[in-house]
Each structure stands twice: as C-alpha cells, then as structure tokens.
Amino acid sequence: PGTNGPNPQLSRGAHAIETTKDGTFISLEGLQTVELRDGSWEMVWRQDSIAGILVCGFNLAEDARRNSGVLEKGAIYLTFPVYTDEGLASVQATKSMKQAAYDMHKKERDEQLDLVRSAPNPLMKALHYRNAYQSLESMHGTGLSRLAEVPSTEEDVVEIGEGLRAVKTGTLWTTAKGRAFSSSAMAKNDRKLLGIATIVAIDV
C-alpha cells in the first residue's frame with residue numbers, strides 16, 4: 001500500500017514473509033487448513049501523523065468456509081498501528097490528560113443529574129439539567145474519542161524492532177473481489193473489512 005501508494009517515500013519498502021505453518025480452523029467438517037501464499041510485509045509512516053502502520057499481505061489459495069461464512073480466495077491484508085517508543089509515550093501522555101479531563105466533566109455531569117432528580121421545583125430542575133448538558137459538551141470537547149485506538153498499557157503493544165512498537169490488535173481486510181492492492185483502490189476506499197487480527201509473540 002505504501003510503495004504503490006500516493007506517498008511511496010513514507011514506506012520502508014515491501015519485504016517477504018516466511019510462513020512457517022498454515023492456518024487452521026474447525027468447521028462442521030472437522031479441522032480445515034488455510035494455505036497462505038506469497039506473504040509480504042511493509043511499514044508505512046503516515047504523513048503528518050505520529051503513528052504508522054504495519055501491513056502484512058497474503059494470497060489465500062482457496063476459499064475458507066466455516067458453516068455459512070466464506071472467506072474468498074485472493075489477496076487479504078492485516079494492518080496494525082505502529083509507533084516509535086518516543087511517539088507512543090507522547091500520545092499516551094496526551095490521552096492520559098484528556099482522560100482525566102473527561103472523567104472530571106463526567107463526574108460533574110453525574111452530580112448535576114442527581115440534582116435534577118432531587119430538585120424541589122421545575123426551575124431548579126431546568127438549571128441543573130442545563131449544567132449537566134454543558135458538562136456533557138465538555139466531555140465531547142476533550143477529544144478523547146479520537147484517541148480511542150491509542151494503546152493505554154504495555155500489554156496492548158509488542159516490540160517489533162529497536163524503538164518500535166506495534167499495537168497487538170489490528171484489522172483483517174481485502175479489496176473488492178479479492179483483487180491485489182493498488183493506489184486507486186485506496187483512493188476509492190475500495191476495501192472490505194473482514195474482522196480483527198491479533199499479534200501473538202512466540203519464541204523461535
């Protein structure tokens with residue numbers, strides 16, 4: 001995606017993946033094997049962003065069927081956010097500050113809603129309701145939701161190189177009709193989300 005995308009200078013280039021073991025799953029027919037071919041990976045740094053992405057691509061040799069679900073053969077991709085150690089520490093500090101502000105405004109909102117329920121007359125109820133709504137707007141104003149994908153703890157990331165961390169949970173996706181990736185597909189947002197992917201560190 002990076003090498004063939006609009007900003008190839010932000011990519012570290014494509015590299016081969018050695019697949020040591022085929023994937024498996026259990027269906028009504030028993031244990032099934034998923035053969036992944038032509039594995040490759042690429043690290044792409046987003047322009048004007050503190051995070052990059054690790055993209056792994058494979059060709060699925062045959063359709064994978066489990067009960068009524070079908071993963072069609074063709075190109076599939078796994079994408080994981082990537083940070084430098086310094087970048088991750090910076091964005092986590094920002095998230096922590098926004099979380100503290102969000103929690104403070106949430107407490108204010110809850111207190112005002114309690115006062116709404118206990119207010120002795122409609123005028124006081126309206127006053128406390130307005131205050132609760134202002135606190136709710138302040139909660140949204142922190143921008144915390146925009147940092148939802150930022151990992152909060154060390155358990156959420158895995159070291160993938162000196163000074164580099166990948167978020168363990170990413171996405172599994174393909175292009176329309178399982179075609180190979182192209183920059184035009186990215187421009188058209190021609191992608192189909194298939195599910196989530198998880199990195200598991202193993203000893204080799």
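A search of the whole structure, a predicted model, turns up 1 aromatic pair (rings of Phe, Tyr and Trp, the last by its six-membered ring, with centres within 6.5 Å). The partners are tyrosine 77 and tryptophan 173, whose ring centres sit 4.7 Å apart with planes at 25 degrees, so the pair is stacked (planes under 30 degrees apart; over 60 is edge-to-face and the rest tilted). Tyrosine 77 belongs to strand 8 (residues 74–84) and tryptophan 173 to strand 11 (residues 169–175), so the pair ties together parts 96 residues apart in sequence. Strands here are DSSP runs of E, at least two residues long, and helices are runs of H or I of at least four, both numbered from the N terminus. Buried means under 20% relative accessible area, exposed over 50%, and partly exposed in between, using a 1.4 Å probe and protein chains only.

A nonpolar core is a set of buried Ala, Val, Leu, Ile, Met, Phe, Trp, Tyr and Cys residues joined through side-chain atoms within 4.5 Å. Of its 15 residues, Leu78, Phe80 and Val82 touch the most other members. Strand 4 (36–45), strand 5 (52–60), strand 8 and strand 10 (164–167) each put in at least two residues. A second, separate core has 8 residues, among them Leu88, Val91, Val150 and Val157. Neighbours within four places in sequence aside, leucine 78 is in contact (heavy atoms within 4.5 Å) with Leu54, Val55, Cys56, Phe58, Thr171, Leu172 and Ala197.

Strand 4 also holds glutamate 42, which is buried, with a relative accessible area of 4%. Its C-alpha lies 9.0 Å from that of alanine 16, 26 residues away in sequence.

As for the protein chain overall, there are 3 helices and 12 strands, and 33% of the 204 residues count as buried. Among contacts between residues at least 6 apart in sequence, 59% join residues at least 24 apart. The accessible surface (Shrake-Rupley method, 1.4 Å probe) comes to about 13,300 Å², with 53% of that belonging to carbon and sulfur atoms.

Residues are numbered from 1 along each chain as its sequence is written, and side-chain values use heavy atoms, leaving out hydrogens and water. As the model is predicted, local features need pLDDT of at least 70 and side-chain atom pairs count only at pLDDT 80 or more, while totals for chains, interfaces and linings use all residues.
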